[in-house]
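Subject: Structure handover

Hello,

Here is the structure I promised to pass on. My notes on what was found in it follow below.

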Amino acid sequence: MIVRPVVEAYAEAHSTGEPPGLAALAEETRGLCEVPQMMVGPMQGHLLALLVGMLRARDVLEIGTFTGYSALCMAAELPPDGTLVTCEVDPGHAAIARRHFAASPYADRIELRLGPALEQLKSMEGPFDFVFIDADKQGYADYYDAVLPRLSETGVIAVDNVLQFGGVANPLDDKPDTVALRAFNDKVRDDPRVEQVMLTVREGITLIRRVRAR
Ligand code: SAM
């Protein structure tokens, strides 16, 4: 969290709350998983849902399922013929997510692919209208390179954790994830094919789209 906790709590209290089905998943995740804070949480989950809805996205890709919180937020905004493919490498995380997907009203729209995301991406053509990257931080540059050509013309990529609690702006922070994110952020900034905005929501989210001919 980058903003002061009191401000974060205020913003959360003035944003639409968590849908009932997701509260149960969040509670189970907190009970079963060692790092439950990997879940995006209610406010960021709602931001993702709004983006998917506002873009009228039909085909969504997620890299990093964990227990399925963000996937369920986004799936709720898909049209009946929409699809969400989500990739997860950890079978334990995938098992929890699969159970909650099956019990949700969106079971027919969500496909979980178990295995390293880069491998899974080889068999996906796209185009995707919305991509959420939220897996191992050192893989971000490869995920970006793999998904940009698979983005639909009006598609958007959302990338989570880009600020690493502010560590990217601290030259003394040399943690491997921070170093990887710093390089990733520079790569996106210097890519003439895209335009992007880095939001200071939670650990930072960058929204990226292809540059449009004007
Ligand atoms: N988006 C999820 C949510 O909001 O609930 C949180 C995702 S969590 C931050 C990152 C997930 O990426 C973990 O469950 C981890 O096992 C998974 N992961 C790590 N490396 C991966 C890889 N190479 N391919 C697919 N998933 C990976």
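Phe165 is exposed, because its relative accessible area is 57%; exposed means over 50% relative accessible area, buried under 20%, and partly exposed in between, with a 1.4 Å probe and protein chains only. The model is a predicted one, in which local features need pLDDT of at least 70 and side-chain atom pairs count only at pLDDT 80 or more, while totals for chains, interfaces and linings use all residues. Residues are numbered from 1 along each chain as its sequence is written, and side-chain values use heavy atoms, with hydrogens and water left out.

Phe165 sits in the loop between β5 and α8; helices (H or I, at least four residues) and strands (E, at least two) are DSSP runs, numbered from the N terminus. Its phi is near 55°, a positive value in a residue other than glycine. Gln164 also has a positive phi, near 50°, and is likewise not a glycine. Gln164 is in the loop between β5 and α8, but it is buried, with a relative accessible area of 12%.

One more backbone feature concerns a proline. The peptide bond from Gly126 to Pro127 is cis, with omega near 0°. Pro127 belongs to the loop between α6 (117-121) and β4.

The largest nonpolar core contains 32 residues, and Val60, Tyr69, Met74 and Phe130 have the most contacts inside it. A nonpolar core here is a set of buried Ala, Val, Leu, Ile, Met, Phe, Trp, Tyr and Cys residues joined through side-chain atoms within 4.5 Å. Two or more residues of this core come from each of the helices α2 (20-32), α3 (41-54), α4 (69-75) and α5 (91-103), and from each of the strands β3 (110-114), β4 (128-133), β5 (151-160) and β7 (205-210). The largest share, 6 residues, is given by α4.

Which residues does Phe130 touch? Not counting residues up to four places away in sequence, they are Leu48, Leu51, Val52, Leu55, Ala57, Asp59, Val60, Leu61, Met74, Val156 and Ala158; contact means heavy atoms within 4.5 Å. A second, separate core has 27 residues, among them Ile133, Tyr144, Val147 and Ile208.

Leu25 is in helix α2 and counts as buried, at 0% relative accessibility. Apart from neighbours within four places in sequence, Leu25 is in contact with Thr67, Gly68, Tyr69, Leu72, Ile96 and His100. Leu25 and Thr67 are 42 residues apart in sequence, while their C-alpha atoms are 7.7 Å apart in space.

Gln44 lies in helix α3 and is buried, with a relative accessible area of 1%. Its side chain makes a polar contact of 2.8 Å with the side chain of Asp160. A polar contact is a pair of N or O atoms within 3.5 Å; within protein, one must be able to donate a hydrogen and the other to accept it, and residues adjacent in sequence count only if both atoms are side-chain atoms. Leaving aside neighbours within four places in sequence, Gln44 is in contact with Phe132, Asp160, Arg202 and Ile205.

On aromatic rings, the count comes to 2 pairs. Rings of Phe, Tyr and Trp (its six-membered ring) pair if their centres lie within 6.5 Å; planes under 30 degrees apart count as stacked, over 60 as edge-to-face and the rest as tilted. The ring centres of Tyr140 and Phe184 are 5.7 Å apart and the planes are at 80°, so this pair is edge-to-face. Tyr140 is in helix α7 (residues 140-147) and Phe184 in helix α8 (residues 176-189), 44 residues apart. Both Tyr140 and Phe184 are buried. Tyr144 and Phe184 are also an edge-to-face pair, 5.8 Å centre to centre with 85° between the planes. Together, Tyr140, Tyr144 and Phe184 form one aromatic cluster.

Last, the ligand. It is surrounded by 22 residues, and the closest are Ser70, Glu88, His93, Ala117 and Asp134; a residue counts as near if one of its heavy atoms lies within 4 Å. A polar backbone atom of Val40 is 2.9 Å from an oxygen atom of the ligand. A polar side-chain atom of Tyr143 is 3.1 Å from a nitrogen atom of the ligand. The ligand taken alone exposes 610 Å², and the protein buries 89% of that; accessible areas come from the Shrake-Rupley method with a 1.4 Å probe, and for residues only the protein chains shown count as cover.

Regards
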